[in-house]
Amino acid sequence: MLEIRNLTASIGGNRVLNGVNLTVERGEVHAIMGPNGSGKSTLSNVLAGHPQYIVESGEAVLDGEDLLALPAEERARAGVFLCFQHPVEVPGVRLDQFLRAGYNAIHKSKGLEELDPLQFDRLLQGKAGIVNMEPSMLKRSVNDGFSGGEKKRNEILQMAMLEPRLSILDEPDSGLDVDSLRLVADGINQLRSPDRSVILITHYQRILNLVVPDVVNVLMGGRIVRTGGVELAEEIETEGYEGQDEVLQAQG
Amino acid sequence: MTQKTATRERRYVEAWNDAIASAPDVSAELRALRESAIAKFEEVGFPTARRGNEAWKYTDVAPIASADFDDLVPPLPVRVATEALDQHIMGGSVWNRMVFVDGHWVPSLTSLPSLPPQVTVTSLARAMSLHPHLVRDLGHYQSYDESGFTALNTAFLRDGAVLIVPHDTVVEEPIHFIYLSSSEGRSSVTQPRTLVSMGRNSKAAVIESYGALTDSASLTNAVSEFVLDEGAHLDAWRLQQHSAEAYHVGSAQVRLGRNSRFTSGAFDFGGAIARHTLSVALEGEGSECTLYGLYMTNGGQHVDNQVLVEHVAPHTTSEQIYKGVLNGKSRGVFHGSITVQQAAQKTNAKQTDRNLLLSDEAEVDTKPALWIYADDVRCGHGAACGKLDDSALFYLQSRGIDEASAKRMLVHGFANEVLDHVGLTPLRVHLEQLITATLRSSERHA
């Protein structure tokens, strides 16, 4: 499904990804764990098409389609969804209108039916229940004045609406209290399906107790240095990241 | 005045002598008003962007002053192209509407379906000849010595709109004054005038809109006067949607009585040069004004808003929120001044001007001025200028929205801080359509 090969990327002249290799099969949940500055957010932004990141070499192919050749909106239409670590506040743009524009753009590109505001509202209010979001929030400006937890839940709601083939969740657990974390994790679990793949990026093992991954990868120094099962996350939780890159060298 | 500038003004004086001076249908009072105004115009002439003339420093009206307009006193057109009128109509058959073409009231295009019987809406020409007492306020509030343009309007005063709302009267539906120029293939000068008098505890909403039935490099030189008695509420929206070749100069004088409340919105989309001065005097204790503005320019347009708020009485409140969206090589000017007189203790005054620059060549001059002579006041101002937020753009695109649509959404979002206060749905929808049309037209030219 997703094939990342030897991906190298930089921002502002600094190389952050140093040859990432990763294969995510359909229906799999891949955790990517890594310390601060290991390239986690860069990887998610590069996959989603943020124009500030420069891809120097390598490829990322989603079901045969060269993602890196597409602008951000076309990646979204191809089924890529980035759950932002820091969702952007967009004053004056109403959440429901923004989301309908995205939903309809994606549906139009697939030749599917576009929804009028009434039809869309019905769908949106149904999905809002997944993350326990008040209907009144849907009429507010995108993320404007939202709490940290509300922003994260809003990202999950957007994911639920857009039904991506590949969701890249960039630290969906950061800054959340226990209740919000559970809501976000429940939301992710409800959206798991054999057709959809998830890359779950996190610093901590905590969320992986709630969203149990199929594969755990460790990203350090801009490369995947270890890959394993759930036990790898537990190992990092007890022993930390230090020395993880040496394990690779020892294996290699 | 120098010899060179004097020749620019002489054409107007000659046209005045030919067509206005001898007009038979006016009262001695109006005749005197016109005569003193033309004398004033001859004396001060058009303003120049010379050093020391702070009010006109950023706006050069030489192209207007030296323009060779075809009709300085345009006649009522024989036929009005009503098909082009539709884009200026709002509020269907519910709103009250008066239409003026080339400065003349057109009764056949006027409809007043929802007016309480005690309210007077009439044309200025009619009021001047039939009910001179109704227009005794004319010119009393808008002093014409500040700029040659106001004197020019007063000298050529022939017609306009008069609204008089008696005390304790609520006008539920808005009253829309539409001023259009029509001269096909010719350029003209029109001098619209609006006079609104709100009685004690009365309430109404008016819209003045300015535009053209056919595009031409015409000049509209408008003057408006609003007087609010104790406890009156008035919403006054001004929409300027001329073509990008036209010239528009306007001024409005507002006087607020005790506990009255005035809300205005100034929406400028058109004009090669557009300049508007809004002066509000908070004369009655407890009076309030909220002044919104949105200007959107493109190409080589130049739009200048001067907002002059004067707190005269204690416990008065004012707020100015102006926003600009500038594209192409256009230029925006915002000058907002707040004066708090010594007696105006407990004044609360705020002013913000925010601008969004959509091109590298667009430019904004924003200049706040606070003159505070009282000691117990709260005054604040802020100005900002920036480009579209790249991270917001990426956020929208990451949800499948193409770049051009995402940019349009962000501009609408920026404008919404002002538009959210436009409670009249047909006006709001109209403004949103104008924003979209302006953005689409600049995308085509990009």
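Colleague: How many helices and strands does chain B have?
Modeller: This is a predicted model, where local features need pLDDT of at least 70, side-chain atom pairs count only at pLDDT 80 or more, and totals for chains, interfaces and linings use all residues. Residues are numbered from 1 along each chain as its sequence is written, with chains lettered from A and ligands numbered from 1 in the order in which they are written. Helices (H or I, at least four residues) and strands (E, at least two) are DSSP runs, numbered from the N terminus. On that basis chain B has eight helices and 20 strands.

Colleague: What is the radius of gyration of chain B?
Modeller: Taken over C-alpha atoms, it's compared with a globule rule of 2.2 Å times the number of residues to the power 0.38. For 446 residues the rule gives 22 Å, and chain B comes close to that, so it is as compact as a globular protein of that length. The value for chain B is 21 Å.

Colleague: What share of chain B is buried?
Modeller: Buried means 20 or more other C-beta atoms, placed from the backbone, within 10 Å of a residue's own. Out of 446 residues in chain B, the buried share is 52%.

Colleague: Which helix gives the most to the side of chain B that touches chain A?
Modeller: Contact means C-beta atoms, placed from the backbone, within 7 Å, and 20 residues of chain B are in contact with 22 of chain A. Helix H6 (390-397) and helix H7 (403-419) of chain B are the elements giving two or more residues to that side. With nine residues, the top contributor is H7(B).

Notes:
A residue is buried if 20 or more other C-beta atoms lie within 10 Å of its own, exposed if 12 or fewer, and partly exposed in between; C-beta atoms are placed from the backbone. Two residues are in contact if their C-beta atoms, placed from the backbone, lie within 7 Å.
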